[in-house]
Amino acid sequence: MQVTLKNFTKTFDDTTVIDSMNLAVNDGEMLALLGPSGCGKSTTLFAICGIHRINGGQILFGDRDVSDVPSQKRNVGVVFQNYALYPHLTVFENIAFPLSVRGDSKPDIEREVRAIAALTHIEELLARRPAQLSGGQQQRVALARALVRKPDVLLLDEPLANLDAKLRLEMRSEIRRIQLETGITAILVTHDQVEAMSMCDRIAIMNKGEILQIATPTDMYRAPVNKFVAGFLGNPP
Ligand code: ADP
Ligand code: MG
């Protein structure tokens, strides 16, 4: 589903962190929000998923204005760097949780959990608890839990930041594979330009609460709009 921000504005106390941002994420696209630490990436994701109220503008899912819709009533899947699994529940129960909350029947839950576990390659892990999983396996479970309700949009906030280099590479291509197989609209927040370039259809590059350029990785690399974009793409932080 298309996700649109129109003149999105966010302030904390007296500070305007995002001032009238416009962004349209196409249906089925994976878009990177790329920029240095503190530029407003997470603030933008929190607004899209409804954790934060916005101070101005609109957020649309398709044609529906969700600006005033509370988080639980927006159909979004989220994977945050520190959005932990429930430690006392098994993998199956972790993934089933959003479906139980919705009141799905037991057979429906069983079927949906097994389908998403197959997609994310964790069928062998369903009886384990989070402490018995590697970091990469935990991220697969978090993804499965985020996707099990077939959300309108998948929001990923630095999902690979806690993984070691080898796992990070593996999970880059796994997240992209899963996004392509489901066809879900996804927004990946990252400060890592290689991650953005290798995983996403387009990149929106941000600095200080503003989007400076939106383009495909190739176009942005070939024709950056200014020195900041060129420098940020060229010099890994
Ligand atoms: P990023 O995710 O790009 O690193 P954030 O969106 O977390 O950046 O933060 C953007 C700016 O908003 C930063 O200057 C940060 O200090 C400020 N900020 C974020 N959350 C809050 C909050 N709850 N209260 C006050 N300021 C905040
Ligand atoms: Mg952040």
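Predicted model: local features only at pLDDT ≥ 70, side-chain atom pairs only at ≥ 80, totals over all residues.

Biologist: How many nonpolar, polar and charged residues does the shell around ligand 1 have?

Modeller: The residues around ligand 1 are F12, V17, G35, S37, G38, C39, G40, K41, S42 and T43. Gly counts as polar, and Cys as nonpolar. Sorted by class, the shell comes out as three nonpolar, six polar and one charged.

Biologist: Which helix gives the most to the shell around ligand 1?

Modeller: K41, S42 and T43 are among the residues around ligand 1. The helix that spans residues 41–49 gives three residues to that shell, the most of any, and that is helix 1.

Biologist: What is the order of the strands in the open sheet?

Modeller: Let's build it up pair by pair. Strand 1 (residues 3–12) pairs with strand 4 (residues 56–61) over five bridges, and strand 1 also pairs with strand 2 over seven bridges. Strand 4 then pairs with strand 5 (residues 64–65) over two bridges. Pairing is antiparallel in this open sheet of four strands, and the order is 2-1-4-5.

Biologist: Which strands are the edge strands?

Modeller: An edge strand here pairs on one side only. With the order 2-1-4-5, the edge strands are strand 2 (15–25) and strand 5.

Biologist: In strand 2, what is the bridge partner of F8?

Modeller: Strand 1 and strand 2 pair in the antiparallel sense, and they form a hairpin with two residues between them. D13 in that turn has a positive phi of about 50 degrees. Follow F8 across to strand 2 and its bridge partner is M21.

Biologist: At what angle does helix 1 run to strand 1?

Modeller: Helix 1 lies across strand 1, strand 2 and strand 4. Its angle to strand 1 is about 115 degrees.

Biologist: Are helix 4 and helix 5 roughly parallel or roughly antiparallel to each other?

Modeller: The axes of helix 4 (residues 135–147) and helix 5 (residues 165–182) come within 11 Å and cross at roughly 20 degrees. Angles under 35 degrees count as roughly parallel. Helix 4 and helix 5 are therefore roughly parallel.

Biologist: How do the residues of that contact of helix 4 with helix 5 divide by class?

Modeller: Helix 4 brings G135, G136, Q139, L143 and L147, while helix 5 brings L167, E170, M171, I175, I178 and T182. Their division is six nonpolar, four polar and one charged.

Biologist: Is the crossing of helix 2 and helix 4 left-handed or right-handed?

Modeller: Helix 2 (residues 91–102) packs with helix 4 at about 25 degrees, their axes 7 Å apart. The two are therefore roughly parallel to each other. V91, N94, I95, F97 and P98 of helix 2 make the contact with V141, A144 and R145 of helix 4. As for the way helix 2 passes helix 4, the crossing is right-handed.

Key
Residues numbered from 1 in each chain as written. Chains lettered and ligands numbered in written order. Near = placed C-beta within 6 Å. Pairing = 2+ DSSP bridges. Axes fitted to C-alpha atoms, helices over the stretch in contact; angles between N-to-C directions. Parallel < 35°, antiparallel > 145°, perpendicular 65-115°, else oblique. Contact = placed C-beta atoms within 7 Å. Left-handed = near helix turned anticlockwise from the far one by under 90°.
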